[in-house]
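Please read the following walk through the model with the sequence and the coordinates side by side. The paragraphs go from strand pairing to the nonpolar core, then to the ligand and to some backbone details.

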Amino acid sequence: MRKITLALTAILAAGCVFNTTYEEETSVTDDSYMRVEGRKNFGSSHALMTTPQPCVVIATWDREHHPNVMVAAWAGQLGATEVIISLSQHKTTENLEASKAFTLSFVDRNTLVQSDYFGLVSGKLVADKIARVGFTVTSSPNVNAPIINEYPLTLECKVRSFKDGILIGEVVNMSAEERILTGGKVDLDKLQPVVFDASANVYRAVGEAVGHAWQEGKVYLDNQ
Ligand SMILES: Cc1cc2nc3c(=O)[nH]c(=O)nc-3n(C[C@H](O)[C@H](O)[C@H](O)COP(=O)(O)O)c2cc1C
């Protein structure tokens, strides 16, 4: 629970950057903290919290069953079957209130440009964002939301809760194209997901694997 509270606090704090520029955020003078000696101290007003952040797109139906999509980087995983996303007011949030469902797909190198466009323009102004970039949708068989066909990895989610800008979704299915699988598992070398670097305001490629989880640290276990 402590981990979740910390994650939420970080995401909520990070969520405030959407209505201001990075420069505005970092220019705030904040003297309410004790400086750590020997380091540059940024205080609490900066864009970096848990960067690099995952880069996903959220697709929803509106009330007339038109598809819409936005990009999100203030997102994470809660436990084994839930996702959490910090959201400002968007066409997407209006849709979520009505549809109670969404799909979440991973931005990869092939979809980076289109995904950035989805984060620049609101569906309130451009009703056909998805079609405009040449992307197409299929109805999810599991939840009341569209799947964008051009993203190879998609989670289908029901809205578990949406309160104070924090969306929690229950993942009911994950589907992946065969071409990003190795041995039946999602292979990030094939998927080539991108992450969001809030320090430089750029997208970065995910690099090579550099160690095995729950393995490398064993050199410090007593019985080694
Ligand atoms: C890299 C990037 C990350 C973003 N992350 C988020 C986010 O996590 N939460 C959010 O509310 N908006 C985020 N946005 C902004 C929305 O994607 C943007 O306002 C979008 O136009 C909303 O679309 P809609 O009104 O059609 O739903 C992000 C934008 C970019 C470019």
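Helices (H or I, at least four residues) and strands (E, at least two) are DSSP runs, numbered from the N terminus, and two strands pair if DSSP finds at least two bridges between them. The model is a predicted one, in which local features need pLDDT of at least 70 and side-chain atom pairs count only at pLDDT 80 or more, while totals for chains, interfaces and linings use all residues. Residues are numbered from 1 along each chain as its sequence is written.

In the hairpin of β9 and β10, two residues lie between the strands, and D164 takes a positive phi near 50 degrees. The strands β9 and β10 run antiparallel and are joined by 10 bridges; S161, for example, stands opposite I168 in β10. Strand β10 (residues 166-176) is also joined to β5, again in antiparallel fashion, through five bridges, and here S86 has I166 of β10 as its bridge partner. In general, strands of a sheet pair through backbone hydrogen bonds, either parallel or antiparallel.

Two bridges join β1 to β13, and Q53 stands opposite F196 in β13.

The nonpolar core comes next. Such a core is a set of buried Ala, Val, Leu, Ile, Met, Phe, Trp, Tyr and Cys residues joined through C-beta atoms within 7 Å, where a residue is buried if 20 or more other C-beta atoms lie within 10 Å of its own, exposed if 12 or fewer, and partly exposed in between, with C-beta atoms placed from the backbone. The largest nonpolar core has 38 residues, of which V56, V57, I58, A72 and I85 touch the most other members. Two or more residues each come from β2 (56-61), β3 (67-72), β5 (82-86), β6 (101-106), β8 (146-148), β9 (153-163) and β13 (194-197), and β2 gives the most, with five residues. Leaving aside residues up to four places away in sequence, I58 touches V69, M70, A72, I85, T92, F102 and L104, a contact being a pair of C-beta atoms, placed from the backbone, that lie within 7 Å.

Around the ligand there are 21 residues, and H90, T92, G119, S122 and G123 come nearest; a residue is near a molecule if its C-beta atom, placed from the backbone, lies within 6 Å of it. At least two residues of this shell are supplied by each of β3, α3 (91-99) and α4 (112-120), and β3 gives the most, with four residues. By class, the shell has 10 nonpolar, eight polar and three charged residues, where Ala, Val, Leu, Ile, Met, Phe, Trp, Tyr, Cys and Pro count as nonpolar, Asp, Glu, Lys and Arg as charged, and the others, Gly among them, as polar.

Some backbone details remain. A cis peptide bond, with omega about 0 degrees, joins T51 and P52, and P52 has its place in the loop between α2 (22-26) and β1. K100, in the loop between α3 and β6, is not a glycine but has a positive phi of about 60 degrees, and with 17 other C-beta atoms within 10 Å K100 is partly exposed. N201, found in the loop between β13 and β14, likewise has a positive phi, near 60 degrees, in a residue other than glycine, and N201 counts as exposed because it has 10 C-beta neighbours inside 10 Å.

Methods. Two residues are in contact if their C-beta atoms, placed from the backbone, lie within 7 Å.
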